[in-house]
Amino acid sequence: MFAAASLLFVPGSRPDRFAKAKAGGAGLTIIDLEDAVAAGDKGSAREAALEQVSSDGEGWAVRINAVTTAAGVRDLAVLTECVDLPGTLLVPMVEAEAEIAVVVGALEGRCPALIPLIETPKGLRNTLAIAAHDAVTALMFGGGDFSGELGVELAWEPLLGARQQFILACAEARKPAIDVPFVVLDDEAGLAKECAQGLALGFAAKAAIHPRQVPTIDAAFAPSEGEVAEAREALEAYEAGGERAIRFKGRMLEAPFIKKYRAVIARAEEQSNA
């Protein structure tokens, strides 16, 4: 089950940064073999990533290259021969469920949890089918590539419609949705605002590109003590009222709202156990 609120990327070509990235305390630390790595460094980055996983696999994930590329095919070929696999693989530029099936088939019964990145209009159109695959544990909205596809700025407003479609597909498949990183490193207020907007829309987590972004993301996506306390109080009141519509703190409390309160408690428990 996916429970992380924050995900931090570190380039596979910079093994000197691995320890610092892990110390950032993100729910999941991802060694990136794709966008952050130059074509000539793919092989050495792959080797460094898998060496790190082999020596200390706890809490590490790896983003491979797209399985429709030569680099992605090489990634899969090497992974099939590895004794130690990461607990999670991120698969970029996914546009069809068949790409997930390729990864699962290549790794057979050893396939880690998969997080597809939806980064194109075609991928967005097929998000529900991709999300429905049993190997998929969560999905990430790849806003950087998506903004390039649309020819718009990587900002909240231009991508709002795409985010909404993405969230609806994830919700129907009952898979957590992860939002794209906030790329302005020195704007903590902007990061906090975008986290709040993502949470309000239905995202369960957000990726980061620098360790200093992690605390802000975790604080935004983790239920507060007050929210958890209110959820528990609401559930107790609802059960005491015979699980019928009742008045609670000046509002009507009925079954649809109970789902949200239960989700708050479940999220808090998942993150405390992560």
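How are H8 and H9 oriented relative to each other? They are roughly parallel, since their axes cross at roughly 30 degrees and angles under 35 degrees count as roughly parallel. This is a predicted model.

**Helix packing**

- Helix H8 spans residues 156-173, and its axis comes within 11 Å of the H9 axis.
- The crossing of H8 and H9 is right-handed.
- On the H8 side, the contacts come from Trp-156, Leu-160, Arg-163, Gln-164 and Ile-167. They meet Glu-194, Gln-197, Gly-198 and Leu-201 in H9.
- H9 (residues 188-201) also packs on H10 (residues 214-221). Here the axes are 9 Å apart, at an angle of about 30 degrees.
- That angle makes H9 and H10 roughly parallel.
- H9 passes H10 in a right-handed crossing.
- H9 contributes Glu-188, Leu-191, Ala-192, Cys-195, Gly-198 and Leu-199 to this contact. The H10 residues they meet are Thr-216, Ile-217, Ala-220 and Phe-221.
- Gly-198 of H9 takes part in the contact with H8 and in the contact with H10.

**Aromatic rings**

- The whole structure holds four aromatic pairs.
- One of them joins Phe-141 and Phe-146. Their ring centres are 5.6 Å apart, with 40 degrees between the planes, and the pair is tilted.
- Phe-141 and Phe-146 are both buried.
- Ring pairs tie Phe-141, Phe-146, Phe-166 and Phe-203 into a cluster.

**Cysteines**

- A disulfide is a covalent bond between the sulfur atoms of two cysteines.
- The count of disulfides in this model is zero.
- The cut-off is 2.5 Å between sulfur atoms.
- Cys-170 is in no disulfide either. Its nearest cysteine sulfur belongs to Cys-195, 17 Å away.
- Cys-111 is partly exposed, because its relative accessibility is 22%. Cys-170 is buried, at 1% relative accessibility.
- Cys-195 is also one of the H9 residues that meet H10.

**Positive phi angles**

- Most residues other than glycine have a negative phi.
- Met-93 has a positive phi, near 55 degrees, and is not a glycine.
- Met-93 sits in the loop between strand E4 (88-91) and helix H4 (97-107). It is partly exposed, at 23% relative accessibility.
- Glu-108 is not a glycine and also has a positive phi, of about 50 degrees.
- Glu-108 lies in the loop between H4 and strand E5 (113-118). It is exposed, with a relative accessible area of 61%.

**A buried glycine**

- Is Gly-12 buried or exposed? Gly-12 is buried, because its relative accessible area is 0%.
- Gly-12 is placed in the loop between strand E1 (6-11) and helix H1 (18-23).
- Leaving out residues up to four places away in sequence, Gly-12 touches Phe-18, Ile-31, Asp-32, Leu-33, Val-37, Ala-45 and Ala-48.
- Gly-12 and Ala-49 are 37 residues apart in sequence. In space, their C-alpha atoms are 5.8 Å apart.

Notes: Residues are numbered from 1 along each chain as its sequence is written. This is a predicted model: local features need pLDDT of at least 70, side-chain atom pairs count only at pLDDT 80 or more; totals for chains, interfaces and linings use all residues. Side-chain values use heavy atoms; hydrogens and water are left out. Rings of Phe, Tyr and Trp (its six-membered ring) pair if their centres lie within 6.5 Å; planes under 30 degrees apart count as stacked, over 60 as edge-to-face and the rest as tilted. Buried means under 20% relative accessible area, exposed over 50%, partly exposed in between (1.4 Å probe, protein chains only). Axes are lines fitted to C-alpha atoms, for helices over the stretch in contact, and angles run from 0 to 180 degrees between N-to-C directions. Helices (H or I, at least four residues) and strands (E, at least two) are DSSP runs, numbered from the N terminus. Angles under 35 degrees count as roughly parallel, over 145 as roughly antiparallel, 65 to 115 as roughly perpendicular and the rest as oblique. A crossing is left-handed if the near helix is turned anticlockwise from the far one by less than a right angle, and right-handed if clockwise. Contact means heavy atoms within 4.5 Å.
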